[in-house]
Amino acid sequence: MNEKFFEEERNLSASETVIMKAIWDAKEDISIPDLIDKLREEYGKDYARTTVVTFLLKLSDKGFVRTYRK
């Protein structure tokens with residue numbers, strides 16, 4: 001795979017960056033409901049659950065997060 005292409009694919013959008021900041025600030029695994037609350041309270045982002053899940057799937061495809069069911 002072309003390395004330049006790979007680097008471009010890993011770039012984060014502004015919304016993905018906010019979500020990653022919230023995840024990194026948690027310093028441990030965070031549930032989707034807790035992530036949604038944190039995004040609303042600390043970042044002023046009122047994302048629907050489906051929106052957050054979509055962003056997490058994209059972030060997983062880019063290699064930034066891993067998701068699992070508990």
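## Contacts and overall make-up

A contact here means that heavy atoms lie within 4.5 Å. In this predicted model, 47% of the contacts with a separation of 6 or more are accounted for by residues 24 or more positions apart.

The protein has four helices and zero strands. Read from the N terminus, the elements follow the order α-α-α-α. Of the 70 residues in the protein, 24% are buried.

## How α2 meets α4

Two packed helices are described by the angle between their axes and the distance between the axes. Helix α2 covers residues 14–26, and its axis comes within 10 Å of the axis of α4, with a crossing angle of roughly 85 degrees. Angles of 65 to 115 degrees count as roughly perpendicular, so α2 is roughly perpendicular to α4.

On the α2 side, the contact is made by Ser15, Glu16, Ile19, Met20 and Ile23, and on the α4 side by Phe55, Leu56, Lys58 and Leu59. Sorted by class, the contact of α2 with α4 has six nonpolar residues, one polar residue and two charged residues.

## The largest pocket

Rolling a probe the size of a water molecule over the atoms shows where empty space is left. The largest pocket has a volume of about 720 Å³. It is lined by 18 residues, and the closest to its centre are Ile30, Ile32, Arg66, Thr67 and Tyr68.

Helices α3 (32–43) and α4 (49–61) each supply at least two residues of this lining. The most comes from α4, which gives four residues. By class, the lining of the largest pocket has ten nonpolar, two polar and six charged residues.

Note on methods. Residues numbered from 1 in each chain as written. Predicted model: local features only at pLDDT ≥ 70, side-chain atom pairs only at ≥ 80, totals over all residues. Heavy atoms only, no water. 1 Å grid on protein atoms, 1.4 Å probe; cavity = no way out; pocket = protein on both sides within 12 Å on 5 of 7 lines; lining within 4 Å. Points joined across faces, edges and corners; volume = space filled by probe spheres on them. Nonpolar A, V, L, I, M, F, W, Y, C, P; charged D, E, K, R; others polar. Axes fitted to C-alpha atoms, helices over the stretch in contact; angles between N-to-C directions. Parallel < 35°, antiparallel > 145°, perpendicular 65-115°, else oblique. Buried < 20%, exposed > 50% of the residue type's maximum accessible area, 1.4 Å probe, protein only.
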